[in-house]
Amino acid sequence: MIVRELELDLDAFEGPFDLLLTLVLKEELELREVDVAAIVLAFLERLAEHDQLDLDACGEFLVLISALLELKARGLFPEEAAELLELEPEVAAEELARRLAAYRRMKEAAAWLRERLESEGERFFRLGPAPLAPKAETPLAPQEPDRLAQVIRLLAAEPAQVSLAHMALRFPPVGQFLERFRSVLRRRARFDFDQELGGLSRIEQAVAFLALLELRRNGEIAIEQAAPFAPIRITRSDVEREDSWTLRSA
Amino acid sequence: MDAPLRLISSNPLDQLARTIEALLVVASAPLGVEELADAADDDAERVEAALGLVGERYREGRSGIVLEHVAGGWAFRAAREAAQACARLYEKPAQRNLSQASLETLAIVAYLGPSSRPDIARIRGVSADSAVANLVERGLIAEAGREEAGAIRYRTTPLFERIFGLESLSALPRLDDVGETADAIRDRLHAVAEKRSA
């Protein structure tokens, strides 16, 4: 019989004993969760399956399980480990006896509870959330019908028309600027946008810029700007073409 | 023909007893004498006397409904003779399949509570986490504040008392009659200690 291959079926772990040991040593399994007594029982059951007592297996199991128990005890009472080591054997025995007796009492209490549960198994009663307590009413203050009518009359009156004139944006027609730019270009081959439109409002300048884009789309002008925010220079298309010809032939 | 059903004819407490019956039918948890007195708008002494009348009427062998003093109050439950019929209709999830670990944990909380998980682990020698979570889910224990170190403490609920048929936690039996066993353990440990020191 090989102790390490002992199959375990515990609440916290299911598998061979050596895997349990590995997991505990790697701290991947909380030893506090492991029921050591259940391991002992599993081992005893396996032992009983054989006719002869396997002393080697017993010895190995004792060593392993006692190491496991010591680890678990240290894990359960970390702060007391040092304290208990210094105790005299009699005092330690006394302390252990006290704890065992306390546990024994609780085991007896649990046994009593189980008996009680069985004897009270015939008790049926209604279960559910407690019914809601009635809500206290909040009384309204005394009301005057005349005053209510007065308020309703105020609400019923049609409100005065509010003028929205100041909110309207007035856009000059784009065509106006198209004409204006074309007439300038008839007189001059080049002009600066800022110079030509200085003194106009923001909206007028924006519409003028749209007119500029329109002219560019039609191929009537070329637009140049040396750098962002630099003056925008507009050139008549036929002049622009002549310039590039000159450049290329040079 | 239309005269009200009388518990005990011509008793001056009849009216109050009927009100108490009505309150207990509506309630889903045991009601204390004070609560009954408040709801019935009567005084506690008269309520106690009227409860005597109700108890006389609703008892085992006489009615399918039984008045009982449980979990610090008064409540109706089904008569034991109807238990099988009730069991066919209704399951009891709170107390079904309570494991040994859960019962030991419940015993510790009932006798020594409020107790924290470390308190319970210290006595049982194994982690109490899953047993505590299980009992909380069943509604048998509930949180009751925290220890100074921050661990949550638990106490038993009125449902625990009701399921176990206890008037209150003081109705739990005393557990100091295991002295002999403790002494026996102590003697055995002393014997081992002497051998080791020898």
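D41(B) sits in the loop between helix 2 (33-40) and helix 3 (44-57) of chain B; helices (H or I, at least four residues) and strands (E, at least two) are DSSP runs, numbered from the N terminus. D41(B) is not a glycine, yet its phi is positive, at about 55 degrees. D41(B) counts as exposed because it has 8 C-beta neighbours inside 10 Å. Here a residue is buried if 20 or more other C-beta atoms lie within 10 Å of its own, exposed if 12 or fewer, and partly exposed in between, with C-beta atoms placed from the backbone.

The model is predicted: local features need pLDDT of at least 70, side-chain atom pairs count only at pLDDT 80 or more, and totals for chains, interfaces and linings use all residues. Residues are numbered from 1 along each chain as its sequence is written, and chains are lettered from A and ligands numbered from 1 in the order in which they are written.

A positive phi also occurs at F229(A), again not a glycine, with a value of about 70 degrees. F229(A) lies in the loop between strand 4 (221-225) and strand 5 (232-236) of chain A. It has 7 C-beta neighbours inside 10 Å and therefore counts as exposed. Chain A as a whole has 10 helices and five strands. Of its 250 residues, 12% are buried. Among contacts in chain A with a separation of 6 or more, 56% link residues 24 or more positions apart. Two residues are in contact if their C-beta atoms, placed from the backbone, lie within 7 Å.

In chain B, three strands form an open antiparallel sheet in the order 3-5-4. Two strands pair if DSSP finds at least two bridges between them. Strand 3 and strand 4 (141-146) of chain B are the edges, each pairing on one side only. Strand 3 is joined to strand 5 (residues 152-156) of chain B by two bridges. S116(B) stands opposite R153(B) in strand 5 of chain B.

Helix 5 of chain B lies across strand 3, strand 4 and strand 5 of that chain. It runs at about 90 degrees to strand 5 of chain B. Axes are lines fitted to C-alpha atoms, for helices over the stretch in contact, and angles run from 0 to 180 degrees between N-to-C directions. P114(B) is found in the loop between helix 5 (100-112) and strand 3 (115-116) of chain B. The peptide bond from G113(B) to P114(B) is cis, with omega near 0 degrees.

The contact between the chains takes 37 residues from chain A and 41 residues from chain B. Helix 5 (residues 89-119) of chain A gives the largest share of the chain A side, 22 residues.
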